[in-house]
Amino acid sequence: MSLSYLYQFENYRSPFWAFAIHDGHHIDADLETYLHIAPEDRLREEDPYTAILAELPFNRFVCGTSRFQLDLNRNKEGAIYLTPDQSWGIQVWRSALPQQIKDQLYESYDMLYRKITQQIQNTIDRYGYFIVYDIHSYNALRDGPTAMIDKVNNPQINIGTANNHSKWQELTSSLMDVLRTGKDGQVYDVRENVKFKGGFLSSYLNEQFGDKGCVFSIEFRKDFMNEWTGEVYPQKLQEYKQLLMQTTDTLESYFAYER
């Protein structure tokens with residue numbers, strides 16, 4: 001048995017990266033007999049359409065495999081959801097996974113982190129710095145599809161920066177200011193470290209390279225889709241993508257000044 005993990009690196013002439021590590025829904029066929037969670041429940045906790053949001057003039061890293069097979073935003077010990085407390089109370093597997101399968105999954109994890117590390121190192125070698133947009137989405141209607149969104153605790157866009165070096169605070173403020181206003185003048189609720197502060201991937205990259213760049217863990221509230229049915233709202237999705245697009249000049253201007 002050889003388990004597959006679907007992913008793609010796309011290199012663009014840029015010091016900036018867009019990651020969509022939770023976009024995927026694929027589960028390797030050899031794991032399906034062990035799987036207990038239903039596809040619709042998986043989809044609800046995945047981050048569909050974030051690969052579209054990551055279609056920026058940046059380098060890209062997109063995962064096509066579900067986080068329920070392997071979660072790259074957890075540390076290695078937590079990257080397989082072995083117990084319900086790791087996965088929103090959901091029982092992911094029918095029974096305990098054989099050690100051989102777990103070993104293969106952990107090998108994939110190590111391989112992917114080696115590749116991510118090398119890609120970021122290559123970017124630093126070429127440009128002297130890097131930025132990662134670690135793009136995610138989150139559910140705000142966990143009490144049911146007809147529940148009201150608690151807007152006090154669920155901003156439209158949450159920027160996780162807790163792992164970043166303090167030297168990037170000015171850039172963070174500039175980035176958030178740009179995200180708050182769309183080209184049509186619409187104002188968006190963008191806040192820092194309210195809902196999420198950044199996951200393991202952010203922590204890892206900042207520990208390795210935090211003096212050369214940082215990770216903005218960008219969590220969009222799932223306003224661009226129905227989080228219970230999976231239906232996408234294309235206009236809202238493009239609206240959010242445009243917000244990300246308009247931050248490109250901010251990044252380029254900041255690093256032009258820094259040089």
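Is tryptophan 88 buried, exposed or partly exposed? In this predicted model, tryptophan 88 comes out as partly exposed, because its relative accessible area is 37%, and the cut-offs for that class are 20% and 50%. You'll find tryptophan 88 in the loop between β3 and α3. Its backbone deserves a look too: phi sits near 55°, a positive value in a residue other than glycine. For context, most residues other than glycine have a negative phi. Asparagine 193 does something along those lines, with a positive phi near 60°. That residue belongs to the loop between β6 and α5 (200-209), and at 22% relative accessibility asparagine 193 also counts as partly exposed.

Now step back one place from the tryptophan, to serine 87. Serine 87 is in the loop between β3 (59-63) and α3 (99-127), but it is buried, with a relative accessible area of 0%. What does serine 87 touch, leaving aside residues up to four places away in sequence? The contacts are Phe68, Tyr81 and Val92. Its side chain also reaches the backbone oxygen of isoleucine 90, at 2.9 Å. And then there is glutamate 45: 42 residues away from serine 87 in sequence, with the two C-alpha atoms 8.8 Å apart in space.

On to the sheet. Seven strands make up an open sheet with mixed pairing, and the order is β1-β3-β2-β4-β7-β5-β6. At the edges are β1 (7-10) and β6 (190-192), each of which pairs on one side only. If you ignore direction, neighbouring strands are turned by 20° against each other on average.

On one side, β2 (residues 16-20) runs parallel to β4, joined to it by four bridges; phenylalanine 19, for example, has aspartate 134 as its bridge partner in β4. With β7 (residues 213-221), β4 pairs over nine bridges, again in the parallel sense.

How many of β4's nine residues are buried? The count is nine of nine. In a regular strand the side chains alternate between the two faces of the sheet. Here, Phe130, Val132, Asp134, His136 and Tyr138 point one way, while Ile131, Tyr133, Ile135 and Ser137 point the other way, and all are buried.

Helix α4 (residues 169-179) touches β4, β5 (157-160), β6 and β7, and its direction makes about 160° with that of β6. The buried residues of α4 are Leu171, Thr172, Leu175, Met176 and Leu179. Looking down the helix axis, these fall within an arc of 130°, so they line one face of α4. Helix α6 (residues 234-245) lies across β4, β5 and β7, and runs at about 160° to β7.

One last stop: the cysteines. Cysteine 63 is buried, because its relative accessibility is 0%, and cysteine 214 is buried with a relative accessible area of 0%. How many disulfides does a search of the whole structure find? The search turns up zero disulfides.

Definitions and conventions. Residues are numbered from 1 along each chain as its sequence is written. This is a predicted model: local features need pLDDT of at least 70, side-chain atom pairs count only at pLDDT 80 or more; totals for chains, interfaces and linings use all residues. Side-chain values use heavy atoms; hydrogens and water are left out. Buried means under 20% relative accessible area, exposed over 50%, partly exposed in between (1.4 Å probe, protein chains only). Helices (H or I, at least four residues) and strands (E, at least two) are DSSP runs, numbered from the N terminus. Two strands pair if DSSP finds at least two bridges between them. A disulfide is a pair of cysteine sulfur atoms within 2.5 Å. Axes are lines fitted to C-alpha atoms, for helices over the stretch in contact, and angles run from 0 to 180 degrees between N-to-C directions. Contact means heavy atoms within 4.5 Å. The arc is that of the directions from the helix axis to the C-beta atoms. A polar contact is a pair of N or O atoms within 3.5 Å; within protein, one must be able to donate a hydrogen and the other to accept it, and residues adjacent in sequence count only if both atoms are side-chain atoms.
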